[in-house]
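Subject: Structure for your review

Dear colleague,

Please find the structure below, followed by an account of what was found in it. I would be grateful if you could read the two side by side.

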Amino acid sequence: MSAVVSHFRSPLPGSDKVAPRNKIRFVTATSLFDGHDASINIMRRIIQGSGAEVIHLGHNRSVEEIVTAALQEDAQGIAISSYQGGHVEFFKYMIDLLRERGGGNIKVFGGGGGVIVPDEIRELHDYGVARIFSPEDGQALGLQGMIDHMMEVCDTDPSEYAPKTLDEVKNGDWLALSRLITALENRAAATELRQQILSESKNRTVPILGITGTGGSGKSSLTDELVRRFRLDQDDRLKIGVIAADPSRRKTGGALLGDRIRMNAITGPNLYMRSLATRAAGSEVPETLGEILAACKLAGFDLLIVETSGIGQGDAAIVPLVDRSLYVMTPEFGAASQLEKIDMLDFADAVAINKFDRKGAEDALRDVRKQVQRNRKAFGQSPDDMPVYGTIAARFNDNGVTALYQGLVGLLGDKGLKLDAGHLPPAEGKASTSKTVIVPAARARYLAEIADAVRGYHKEVEKQVKLIRQRQQLRSVMGLLEAEGKATADLQPLLDKVELEVDSHARKLVDMWPQVKASYSGDDYVVKIRDKEIRYKLTTRSLSGSRIPKVSLPRFDEDGELLRWMMLENLPGSFPYTAGVFAFKRENEDPTRMFAGEGDPFRTNRRFKKLSAHAEATRLSTAFDSVTLYGCDPDERPDIYGKVGNSGVSIATLDDLKVLYSGFQVCAPTTSVSMTINGPAPIILAMYFNNAFDHQIEKFEHDNHRPPTDDEIEKIKAWVLKNIRGTVQADILKEDQGQNTCIFSTEFALKMMGDIQEYFVHHGVQNFYSVSISGYHIAEAGANPISQLAFTMANGFTYVEAYLARGMHIDDFAPNLSFFFSNGMDPEYSVMGRVARRIWATAMRYKYGANERSQKLKYHIQTSGRSLHAQEMDFNDIRTTLQALIAIYDNCNSLHTNAYDEAITTPTEESVRRAMAVQLIINKEWGLAKNENPNQGAFIIDELTDLVEEAVLQEFERISERGGVLGAMETGYQRGKIQEESLYYETIKHDGSFPIIGVNTFRNPNAKPDQLKIELARSSDEEKQSQLKRLREFQERNRKASGPILARLKQAAINNENLFAVLVEAVRYCSLGQITTALFEVGGQYRRNM
């Protein structure tokens, strides 16, 4: 390798940071099918803070997208985080593509914690990757040190690559254009060349549309939607260039160029985008923008679009540089008089009031139209004729955006834009009319109301405690007086008064306590669950002969304390279910649910059979590979191929899913299957139901020696739906906030979630959870335990409000909701379940009027993946054991214990066996675990429960102030808070102030990570090729049937029908990728954010 590459692999510099000599530009992203963006978000912030201009692409980016961006942006460096496997193929493909397209000068950096092992790091360095940072690099340098190294390596002068003439640019060479723009930006282009650009561009007719507006008005999203309509309407014929400006930070000179992340429509051979920093301009546009636009005119574009950074009321700098201007605003501009101060309303050729679904939008449209009419002195025209549009850029196929597009087409046609007859039908009116609302505006304060309800319950408890205490005191005094033969007549009215004020429920709790106590004093306890009588043993015996109660009762003599305990704690199985939703755990069925998935479905099926070989109940939890998680089919393209069957099982068809669960009685009452998938969850769930249908139909044929009739088939399907048990994760809100496997637009994804639940209600699906509302991935993204719990509970209540808004009854869907939390090392994790159960039960009973079954919050725990470290991996089992112990003490409903090697790979058979042993040892050997309410009565547990509950309620109020969960998501509140908490953790971990044994303290002095040999669980080429072959065979077999059912599916989406009902049929003939591609056309793709 060259000396340059050798330098990159030399020991990293630890010297003080030196200011860069050149303007440095970085493209940052996560690899394809990778939603783990916590690390790259931390790094891009530090890169920006170090003075670089950062073009952040966000998560799940293909090599093609990253390389195209790096070339168009003329970046010196690319920084990629890759935690989802397939990294060797991914980075090699990137190096190949850069070299092939003339970008061999661009340095590539990467990191993936311990997932990228030393041998792979060496292989990638030898191939030409500048640096893959290992955990040891992070320890040696810290976060800033790694960034300083990247900045030093990339501190090169890009002007040496700039063209000296305009020949290449005029021939349509966009790489030459990018390098010319850099030279113009850096004022490195020769004076003669600049003059030539300005002179020759005057003879080119290329209309320029300027888009400007207030910060946060949705300019980037609206720009993207306009580009999408130009492409659709003109059959991708137009060559469109997009220039987007963002402000530079005055102190550091760095800039976050964040427009590209929001755009889905800019991929394709006729689309070009360049991000600019304003640098020292002191304006919303760079000083060199005029020269840059002139250069772009020479490059053969049909249309140029310029988007500025956010502007204030008095800014209109874009107007002289463009042919037509569009001003974008939102309905929240204050009083109508504020419109008189907005300079752009004098100059704009069109105005878009974006986010038109917000409160007051119609009034805003009226007021802005009148202001534009006054500004233009167009009093002879109706205000409705003014070029003011109401748009919702976040909504797929919004008719308000289409109206704006068609208005702009006319304006740009006057400036020389040549268009063919378009395909889009004329829009009626100038404002969005499709105002589908997930949570009605009248319910925007639902979280604040829940906080009030919970606090109100606490106040009522204290009131009743006081009254019950007075009742007991009066009775005691009267009893003493009577024993002494003294009169009690004066006290009787006081007692009567107190008795009247005592709530009947509180009175009943206290008065029945002796009977309850007696029922726990025998050998057996009998409960009824869904009309079934179940008998439980109440005690066990220790080796010493001690009688260990399954449930320990409080020994309060004072009625007030007893009542407080019963109203805030109570026995397991009794409201408010603080100690657990069931009176006792199931005997002979531990809460174990182990996660598995690797390679092809055949390999994972074998793993499932080993995991459940000795279990009395079959509880399978399925990990899907990242290709499946993002709704794609396997493919031979290197950045896809490398991820097929890695970090999960590859599932593309119903055939695959049948193999995955073959040999299991999926409808047996002892079988429960959990599927960790979100974006394409409706499709995978439809496959799972079909697998169960076919399994039972085959059983009927075997038992009856004939195929069933059509009526019998329908009865079999109905029986399956009523009996099948399991969970599908399908939590889209959490995905947007933390894990990032969103694939469809949020509104469309939430519609499909509602469709699943509606299907469940109509078909009586009672034993399957339609969503697992997940905090685990929020925690993995960096949230602390309080934020994890608060955001997850808030998401849960948002689903409640959304389903109520669709007309479903609370008790028809609430039992189908389940939760999923992470257990880490922080003290608050000890009470995660207690707090969640109490808040949920209280809100369900007193806010929503739900029945007992709906009040019971059931949840799964997975030990923290974030607390698994690549250093001293054997120590991970210790952390996992402690986390599992507090989960069992807190009466979780199911539990997955992570394997110690999951810090670097999909767990091996040996590591999974150890992880299972953690649970088995606790459940079978650990003496205190024989008791099922060990947390109750501990002062610290009580204190933590109250502290965490109040912190969650306060977070509810903060989210409520932002318009509820969806409103807070729009401003990036949850994502921003998670990133801040993640950065805080990483900082104190790296500086050593937060001790982590074996990582930043008590480190092994003899450790040699480069020599550590680890068994890596990777899919084989044979498995990948098998998946490709099976996919082709499935698609060929169903070639004739797939087209009509996909058309039926798209029409159902257009007609707002229940899509899940159609998916149940579609998955029989179509692959996962075929279905998601079809739904993208009618539901829109997810739009990433910062």
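Domain bounds here come from an automatic or database domain assignment. On that basis the protein is divided into domain 1 (25–156), domain 2 (206–414), domain 3 (445–565) and domain 4 (594–999). The model is a predicted one, in which local features need pLDDT of at least 70, side-chain atom pairs count only at pLDDT 80 or more, and totals for chains, interfaces and linings use all residues. Residues are numbered from 1 along each chain as its sequence is written, and side-chain values use heavy atoms, with hydrogens and water left out.

The contact between domain 3 and domain 4

The C-alpha centres of domain 3 and domain 4 are 36 Å apart. Their contact (heavy atoms within 4.5 Å) draws on 21 residues from domain 3 and 30 residues from domain 4. Together the two domains bury about 2100 Å², 58% of it on carbon and sulfur atoms; buried area is the accessible area (1.4 Å probe) that two parts lose on being put together, summed over both.

Three salt bridges are counted between domain 3 and domain 4, a salt bridge being a side-chain nitrogen of Lys or Arg within 4 Å of a carboxyl oxygen of Asp or Glu. The side chains of R455 and E957 form a salt bridge with an N to O distance of 2.6 Å. Between domain 3 and domain 4 there are also 11 residue pairs in polar contact, both residues at pLDDT 80 or more. A polar contact is a pair of N or O atoms within 3.5 Å; within protein, one must be able to donate a hydrogen and the other to accept it, and residues adjacent in sequence count only if both atoms are side-chain atoms.

On the side of domain 3 that touches domain 4, the elements giving two or more residues are helix 15 (446–483) and strand 17 (547–549). Helices (H or I, at least four residues) and strands (E, at least two) are DSSP runs, numbered from the N terminus. Helix 15 supplies the largest share of this side, 11 residues.

Two buried residues

D155 is in the loop between helix 6 (135–153) and helix 7 (167–170). D155 counts as buried because its relative accessibility is 9%, where buried means under 20% relative accessible area, exposed over 50% and partly exposed in between (1.4 Å probe, protein chains only). Its side chain reaches the backbone nitrogen of N22 at 2.9 Å. Neighbours within four places in sequence aside, D155 is in contact with P20, R21, N22 and I24.

R1087 lies in the segment after helix 40 (1072–1083) and is also buried, at a relative accessible area of 14%. R1087 and I261 are 826 residues apart in sequence, yet 7.9 Å apart from C-alpha to C-alpha. Not counting residues up to four places away in sequence, R1087 touches S221, D224, E225, R262, N264 and A393. The side chains of R1087 and D224 are joined by a polar contact of 2.6 Å.

Backbone features

Most residues other than glycine have a negative phi, and most peptide bonds are trans. The peptide bond from F575 to P576 is cis, with omega near 5 degrees; P576 is in the loop between helix 18 (559–568) and strand 18 (594–596). R187, not a glycine, has a positive phi of about 55 degrees and lies in the loop between helix 8 (174–185) and helix 9 (191–201). H705, not a glycine, has a positive phi of about 60 degrees. H705 is found in the loop between helix 23 (681–704) and helix 24 (710–723) and counts as exposed, at 73% relative accessibility.

With kind regards
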